[in-house]
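Here is a short briefing for a first look. Take the topics in order.

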2 protein chains.
Amino acid sequence: MLLLRSISSTASLCQRKAFQNLLRGFASKNREIPALTKERYPVKRGQFSEVTDRDVAKFESILSGSGRVLTQLEDTQGYNIDYLGSVRGYGRVVLKPKTTEQLADIMKYCNERKLAVCPQGGNTGLVGGSVPVFDEVVISLQLMDKIEKIDEYSGILVCQAGCILGTLEEKVNEKGLVMPLDLGAKGSCHIGGNISTNAGGLRLVRYGNLHGSVLGIEAVTAEGRIMDLMSNFKKDNTGYHLKHLFIGSEGTLGIITRLSIFCPTASKSVNVAFLGLENYDAVKNTFLAAKRGLGEILSSCEMIDAASLDSCTHHFNLNSPIEKYPFYMLIETSGSNVTHDEEKLSSFLENSMESGLVLDGTVTNEPTKMKNIWQLRELIADSLLKDGYCFKYDISLPLDQFYDVVLAVRDRVGPLATKVTGYGHIGDSNLHLNVSCPKFSPELYKLLEPFVYEYTSNVRGSVSAEHGIGFLKTKYLKYSKQPESLLLMQQMKQLMDPNGILNPYKVLPQV
Amino acid sequence: MLLLRSISSTASLCQRKAFQNLLRGFASKNREIPALTKERYPVKRGQFSEVTDRDVAKFESILSGSGRVLTQLEDTQGYNIDYLGSVRGYGRVVLKPKTTEQLADIMKYCNERKLAVCPQGGNTGLVGGSVPVFDEVVISLQLMDKIEKIDEYSGILVCQAGCILGTLEEKVNEKGLVMPLDLGAKGSCHIGGNISTNAGGLRLVRYGNLHGSVLGIEAVTAEGRIMDLMSNFKKDNTGYHLKHLFIGSEGTLGIITRLSIFCPTASKSVNVAFLGLENYDAVKNTFLAAKRGLGEILSSCEMIDAASLDSCTHHFNLNSPIEKYPFYMLIETSGSNVTHDEEKLSSFLENSMESGLVLDGTVTNEPTKMKNIWQLRELIADSLLKDGYCFKYDISLPLDQFYDVVLAVRDRVGPLATKVTGYGHIGDSNLHLNVSCPKFSPELYKLLEPFVYEYTSNVRGSVSAEHGIGFLKTKYLKYSKQPESLLLMQQMKQLMDPNGILNPYKVLPQV
């Protein structure tokens with residue numbers, strides 16, 4: 001094959017382990033404990049009760065068994081700090097129910113007592129949505145990790161919300177299926193958290209979004225009502241499609257406890273190509289060529305700029321399989337016939353190189369080599385954190401203006417930033433703009449926000465493509481949503497959570 | 001190729017025309033005008049105002065221009081009778097706005113005056129959802145048929161809700177795209193109606209459902225609030241995903257006025273196979289073989305029983321391309337490479353015939369022949385109506401028990417029915433069970449309902465896979481939904497439509 005080259009030995013498997021540890025919260029000692037959220041950001045505590053010893057005793061009576069009600073600082077600290085180290089709460093109690101009924105009892109009690117609650121999955125969110133802002137009771141779904149059914153014929157997986165995405169991927173793989181989503185945090189993120197935040201990830205271009213894949217949901221509301229919206233069918237038009245209220249509302253309307261999700265048939269053939277390109281225009285046109293030439297087997301189309309790849313190879317001591325170029329693309333195909341897929345990919349790559357769109361590239365179908373190439377993409381986010389602190393923007397933009405914002409920001413912040421990088425899912429018009437620096441800098445923060453959001457709004461983009469709004473972006477919601485829609489959101493919140501106890505200060509702007 | 005045979009001359013193009021006329025309402029003289037809904041079914045009129053001449057004058061002032069406010073019986077009759085002739089209202093006025101603002105003005109006025117309203121798209125629904133039950137004001141979206149944008153690069157179509165699906169299909173085809181849904185009624189159904197009812201259709205197995213494909217919606221609520229939930233991105237996590245409230249709520253929470261929808265790249269290669277099989281088990285196993293052997297190019301997988309095909313060939317004077325068998329399957333592939341697709345399909349068919357799963361078959365990629373084969377599937381519903389009257393059930397069932405219900409019903413109703421047939425989207429576990437008879441028979445009705453719904457509920461199926469609940473199925477909603485979910489639906493309705501004026505008597509059971 002024209003482009004096939006051997007890949008120099010790149011990342012070892014231990015990097016994945018390190019990555020997972022990194023994701024697992026704030027155990028690592030070499031990261032600064034962030035300031036309390038209430039001190040760093042202008043936010044006022046709601047009129048909620050404070051947790052008393054009597055409340056703790058009640059929680060213990062609902063959750064019998066050791067390690068189910070955590071109250072010691074060394075146990076609760078990790079649940080109060082987000083993955084990025086950008087926010088920190090001081091919830092004094094962490095609860096770990098095992099069943100939907102236990103969770104419903106907890107919510108009924110908290111609602112009566114007006115105790116605010118923060119639901120938490122794998123705590124891998126990037127917008128401060130999964131940790132307390134003040135002293136909210138943390139409800140961790142960690143122990144709700146039961147896989148109930150994997151049906152290889154219909155492709156349907158039924159499980160509890162606390163299952164780890166990577167574990168589910170392994171289990172459905174054994175039945176010849178794949179999970180319809182894949183993302184860098186899969187080693188620790190929970191499927192319930194993925195659905196609550198409507199996670200996008202790396203394979204959306206092929207398998208669509210979670211509103212399409214999730215067939216049923218069970219959720220507990222703020223008042224402890226159990227909403228059984230489970231269904232095992234792709235077609236089920238029986239009344240309002242209420243499950244979507246819980247997909248992407250980031251735990252503010254209810255806590256997802258169980259789910260049913262459609263898993264596509266696993267591909268017999270997977271190939272990964274890593275390409276070098278001269279400029280962004282070539283990236284855009286290569287995407288179009290891939291869409292047309294690879295058609296139904298295109299399963300990922302990612303863009304990486306030079307600064308992103310440099311950060312990743314430098315901090316994790318990895319090697320790129322090709323020389324240095326201003327831009328790179330990672331293109332993955334998944335199909336049912338090895339020969340057909342290789343023919344399609346060869347033909348696409350030959351055409352792209354002959355036309356000058358692609359300057360260099362490597363392609364592989366060996367699992368270890370594919371994993372190594374994927375690491376170059378998946379570890380970028382973590383590598384940037386190693387600069388000290390990282391401002392992260394996750395925006396959707398029209399393809400014509402997709403990369404301009406990186407140049408504009410680079411120009412605007414100058415030497416205040418260590419790096420300004422852009423990478424992301426060009427196949428879904430989704431850019432990850434990252435600005436790293438030695439530590440949180442108010443000066444840099446002011447240069448970046450609301451600039452990035454105004455820029456995005458001006459080209460009619462989305463100020464949050466896949467990360468959500470959480471705590472950090474509530475005041476920027478207005479850049480993507482009209483007042484009438486915001487009002488309806490508030491009415492919905494009032495209906496579903498009259499006391500406002502469920503994940504307060506998140507998603508909706510404070511009034 | 002092993003199975004390739006020439007197809008005998010089948011349906012002429014005029015059948016499509018006839019089909020469209022049939023769909024267009026109740027113009028045809030040879031169909032009985034049904035009894036008024038209020039006489040045939042036990043339903044009580046709500047406390048709404050009645051339309052006065054002053055109201056008509058107000059509507060005329062909002063909608064200037066001729067043919068925009070219909071009040072003559074001969075003009076309004078077609079809008080008061082559903083496609084199946086199962087329900088009839090007596091709305092005395094039909095309104096045809098052209099803009100969202102006009103519609104908002106109408107709704108504000110109707111809400112103040114407490115005038116009930118029935119929104120109507122192409123009036124092709126099968127559950128009595130799109131016509132008045134009593135004297136509701138009909139709002140037809142017919143004149144809101146503007147295509148605003150088709151972007152061939154991102155694949156995004158933006159248009160008004162009254163566009164006809166078939167017209168959109170033609171227009172996006174010109175840009176190398178396809179609509180993500182396709183259904184028999186495409187010649188007259190509106191995209192807004194499709195989305196309001198979360199239509200499934202023939203290609204869901206390939207392109208997923210509308211909750212996944214629809215990127216943005218604009219809707220007008222009962223109070224005349226314009227909800228701008230438009231977005232042109234596949235990833236847009238900015239607050240609650242409210243658009244899904246309007247997808248599948250059948251016009252009871254709002255009227256969809258504009259939308260943005262993702263259209264996949266058109267396939268360069270399409271093939272259709274029509275197969276004969278011995279029994280249902282062979283059908284089920286052939287579906288599994290197709291899923292695995294055809295993988296990413298499988299775009300439709302339909303089952304047709306002998307009684308369904310006989311009805312279609314008889315009433316429309318069509319010929320089947322193969323001999324008579326107890327069961328038939330229509331399998332469509334869509335892909336980007338003609339040679340690859342033919343190889344996959346040949347290999348799948350050879351294996352299926354060698355193993356004895358498939359007894360006979362024909363395969364074609366000629367457009368006219370493919371269309372003729374598709375007609376054998378698409379015209380079944382209409383052919384059954386030609387028996388006089390047809391009870392239609394659209395249910396999702398586990399594949400293991402998929403066809404048993406047809407046998408059970410056939411046994412139960414005996415000679416009261418002209419035909420009891422089963423066909424449908426086996427690829428999505430969706431069966432269309434049809435019971436035809438000379439005219440509406442209360443005796444047959446009682447034998448069928450609630451029997452079919454109880455049967456479905458007992459195997460944990462869905463009592464409405466894709467047709468929705470409309471007016472005819474409200475009392476059966478409880479077979480697929482729990483009381484707590486029903487309560488939340490009612491609360492949602494109360495929030496969005498405090499006076500209950502929007503499509504009353506539909507979806508939610510009457511209290």
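A crossing is left-handed if the near helix is turned anticlockwise from the far one by less than a right angle, and right-handed if clockwise. This is a predicted model: local features need pLDDT of at least 70, side-chain atom pairs count only at pLDDT 80 or more, and totals for chains, interfaces and linings use all residues. Residues are numbered from 1 along each chain as its sequence is written, and chains are lettered from A in the order in which they are written.

**A helix pair in chain B**
- The crossing of helix 16 and helix 18 of chain B is right-handed.
- Helix 16 of chain B spans residues 404-413 and helix 18 of chain B spans residues 451-458; they pack at about 150°, with axes 11 Å apart.
- That angle makes the two helices roughly antiparallel (over 145 degrees).
- Contact means heavy atoms within 4.5 Å.
- Helix 16 of chain B contributes Asp404(B), Val405(B), Ala408(B), Val409(B) and Arg412(B), and helix 18 of chain B contributes Phe451(B), Val452(B) and Tyr455(B).

**How the chains relate**
- A rotation of 180° with 0.0 Å of shift along its axis superposes chain B on chain A, with an RMSD of 0.0 Å.
- That is the relation of a two-fold axis.
- Gly212(B) comes closest to the rotation axis of the residues of chain B, at 2.1 Å (C-alpha).

**Asn430(B)**
- Asn430(B) lies in strand 16 (residues 430-437) of chain B.
- Asn430(B) has 0% relative accessibility, so it counts as buried (under 20% relative accessible area, 1.4 Å probe, protein chains only).
- Beyond neighbours within four places in sequence, its contacts include Lys235(A), Phe402(B) and Glu466(B).

Definitions and conventions. Heavy atoms only, no water. Axes fitted to C-alpha atoms, helices over the stretch in contact; angles between N-to-C directions. Helix = DSSP H or I, 4+ residues; strand = E, 2+ residues; numbered from the N terminus. Parallel < 35°, antiparallel > 145°, perpendicular 65-115°, else oblique. Least-squares fit on C-alpha atoms with pLDDT ≥ 70 in both. Buried < 20%, exposed > 50% of the residue type's maximum accessible area, 1.4 Å probe, protein only.
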